[in-house]
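Good morning, and thank you for making time for this item. I would ask everyone to bring the structure up on screen, and I will then take its parts in turn.

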Amino acid sequence: MKTIQRMAYLVCVLMMAGWAMAQTSATADLRGTVKDPNGAVIQGATVTVRDDARNFERSVQTNGTGYFTLLSLPPGNYTLTVAAKGFARQVAKNVGLTVGQVADYPVIMQLATTETEVTVTGEPLLVETAKTSTSTTIGQQRIEDLPINGRNYVNFSLTNSQVQRDVAPSIGAAPTSGLNFGGQRARSNAVNVDGMDAVDNGVNGIRSTLSQEGVQEFQIITNGYEAEYGRASGGVVNIITKSGTNDFHGSAFGYLRNRNFQAQNPFTNTPDPAYTRVQAGTAFGGALKKDK
């Protein structure tokens, strides 16, 4: 019995280790330095980010050099608040963080006078000074607005000039991403969904992902990616799904192609070719429990 228990324990450990190794970056990092109007650093300042839609909040304090780091933030739209003794509280709204982003946001505090709060208007300028990879993020607006054939949203990656369509045919039930990064075949790419590997390691095909309605954004990394993406010799597609909010929302869609009203291929030798394709569905989301 003890031998069986030890074997079961070993299997569980190996499964957990494999699951941990399969995880990749599905979050964003925000960091920066808080200074006073003269450029001196402010230590002990409280930096808070909050996403009201998901009731998510994270706070840190600046260190002895005025530096703060907020790690592993879910991609989204945040309000950043900085408070320090003797200074007016600073609030920056619409701080948008995308998947895989490592953003620097410098903060200049104002001395406390009659104004107890300083609100930064407009979209804050975030810079990435330490990132070595070349990447592009396809946001939700582009996913919803751009025309697409077959509702395969991964094809939006072709809006990046460094990505081409892979013309090699897929094999049966093991389709590929259909994307060519730097001349590598489509089976050399990595596709991740919320940080988890979506590649079938047996044939390097892509497992079924999710509906276009369930995608918040996805990142295309063409080269120079970090070690967690090391299995890909081509490129990386990093998909992030939508998360629920307190507000209930939904959508319905329907797409139809039929030979009676669609244009024919001018090079076809078949008169009135039979082709009909219907794609329809609905999506609905919200909170199972308020603020959860």
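Predicted model: local features only at pLDDT ≥ 70, side-chain atom pairs only at ≥ 80, totals over all residues.

Strand E2, residues 46-51, pairs with strand E3, residues 56-61, in the antiparallel sense, and 6 bridges join them. At one point of this pairing, Asp51 stands opposite Phe56 in E3.

The mean pLDDT of the protein chain is 82, and 84% of its residues reach 70 or more. Which elements mark the two ends of the confidence range? Helix H1, residues 2-22, has the lowest mean pLDDT, at 57, while E2 has the highest, at 95. Over residues 17-23 the pLDDT falls below 50, and this stretch has 7 contacts in the model beyond near neighbours in sequence.

Turning to the chain as a whole, there are 2 helices and 20 strands. Buried residues account for 35% of the 292 residues in the protein chain. Of the contacts between residues at least 6 apart in sequence, 62% join residues at least 24 apart.

I come now to the interior. In soluble globular proteins, nonpolar side chains tend to be buried together. The largest nonpolar core here has 23 residues, and those touching the most other members are Leu30, Val34, Leu80, Val82, Leu97 and Met109. At least two residues of this core come from each of strand E1 (28-35), E2, strand E4 (67-73), strand E5 (76-83) and strand E6 (89-97). A second, separate core has 18 residues, including Val154, Phe181, Ile206 and Ile239.

What is the order of strands in the open sheet of 5 strands? The order is E10-E17-E18-E13-E14, and the pairing is mixed. Its edge strands are E10, residues 134-138, and E14, residues 196-197, each of which pairs on one side only. Strand E13, residues 190-193, runs antiparallel to E14 and is joined to it by 2 bridges. Within this pair, Asn192 stands opposite Asp197 in E14.

Two loop positions remain. Glu213 is found in the loop between strand E16 (205-206) and strand E17 (215-223). The side chain of Glu213 makes a polar contact with the side chain of Arg151, at 2.4 Å. Leaving aside neighbours within four places in sequence, Glu213 is in contact with Arg151, Lys242, Ser251, Phe253 and Ala283.

The other position is Gly224, in the loop between E17 and strand E18 (236-241). Is Gly224 buried, partly exposed or exposed? Its relative accessibility is 39%, so Gly224 counts as partly exposed, given that the partly exposed class lies between under 20% for buried and over 50% for exposed. Gly224 and Ser135 are 89 residues apart in sequence, yet their C-alpha atoms are 9.0 Å apart in space.

That concludes my walk through the model, and I welcome your questions.

Methods. Residues numbered from 1 in each chain as written. Heavy atoms only, no water. Pairing = 2+ DSSP bridges. Helix = DSSP H or I, 4+ residues; strand = E, 2+ residues; numbered from the N terminus. Buried < 20%, exposed > 50% of the residue type's maximum accessible area, 1.4 Å probe, protein only. Contact = heavy atoms within 4.5 Å. Polar contact = N/O pair within 3.5 Å; in protein donor to acceptor, adjacent residues only side chain to side chain. Core = buried A, V, L, I, M, F, W, Y, C linked by side-chain atoms within 4.5 Å. pLDDT = per-residue confidence, 0-100.
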